[in-house]
Amino acid sequence: MHLDTPPPNAVLQIAVDTHVHLYPGADAGRALTAGFGNLTAARQNADRLMLVLTETSRDCAFEDLAAGRRVARGWSCDRVAADPAALRATNLRKNSQGLLLLAGRQIQTREGIEVLALATNERFEDGLPIRTVLAQLHTRRIPAVLPWGVGKWLGRRGAEVEDLLAGAGGHGLMLGDNAGRPRIWRTPSLFLQAMRDGVPVLPGSDPLPLPGAEEGIGAFGCQIDAPLDETRPASSLREHLFTLRGQPVQIGKRRGLPAVVSEQIALRRRRIRTTRAGGIS
């Protein structure tokens, strides 16, 4: 990664994972180290590295890191003064290693379709109709991503996503791919439709709430070629993605089928244990 200060309005190669979770109990230092290493391995000539958090209404990793309530061992996380949705993370052992950590939200809609609000520290209410949520994001010029998930786009939900795609051109609405879609699976039809219509499909790692899942952060993402205001990096990325057309360059790779099956089994066992204990999965 190049750390030189670029000239104003220079187009930079930005390697970014657009779907990151830092769950309670996850090792934040391990997550940043993995994100840096994986993005660097995927795009060695990148000018900047970014991780975009997509936190549920229950989670507050970004604010906890910013306020020092949560520690990323081996890293410093400093606010970007003019941009409340951005942290500058620096490896304390190797000052040349650093990345930008951006805030973002995962919103659960009434229809059961998830929406990712990227590069924003605003909070949004869960349980509203998806069109209401998308209208809120559009008014604020916040890019909205409908992320793929196993079984999440079947039946009525799939039909709703297809209908939303029909009016998505150039209005900040995108689809999201993730590392948990096995490499041998066929490309979903909604992805093919989006690509035909110029609607971006943004890749991201989407780590599961499982021990060691931090290691996969940054292993699947994309390259964004765009100017970057170093004083307002989240705002810069947000505006670029809101107006993006066509497909960014995919970097990294998705996981294989055996790994995905193993993770899904572990996730379901965890949910069963949590339910029996009277908690929330």
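Two strands count as paired if DSSP finds at least two bridges between them. All views show a predicted model.

**View 1. Parallel pairing around strand 2.** Strand 1 (residues 11-20) and strand 2 (residues 48-53) run parallel and are joined by five bridges. Here V16 has M50 of strand 2 as its bridge partner. Strand 2 also pairs with strand 5 in the parallel sense, over three bridges. M50 has L100 as its bridge partner in strand 5.

**View 2. The hairpin of strand 4 and strand 5.** Six residues lie between the two strands of this hairpin. The strands run antiparallel, joined by five bridges. A89 stands opposite L99 of strand 5.

**View 3. Strand 5, buried on both sides.** G98, L100 and L102 point one way, L99 and L101 the other, and all are buried. In a regular strand, side chains alternate between the two faces of the sheet. Strand 5 is largely enclosed by the rest of the structure, because five of its five residues are buried.

**View 4. T132 in helix 3.** T132 sits in helix 3 (residues 130-139). This residue counts as partly exposed because its relative accessibility is 34%. T132 and I184 are 36 Å apart, C-alpha to C-alpha, and 52 residues apart in sequence.

Terms used. Residues are numbered from 1 along each chain as its sequence is written. This is a predicted model: local features need pLDDT of at least 70, side-chain atom pairs count only at pLDDT 80 or more; totals for chains, interfaces and linings use all residues. Side-chain values use heavy atoms; hydrogens and water are left out. Helices (H or I, at least four residues) and strands (E, at least two) are DSSP runs, numbered from the N terminus. Buried means under 20% relative accessible area, exposed over 50%, partly exposed in between (1.4 Å probe, protein chains only).
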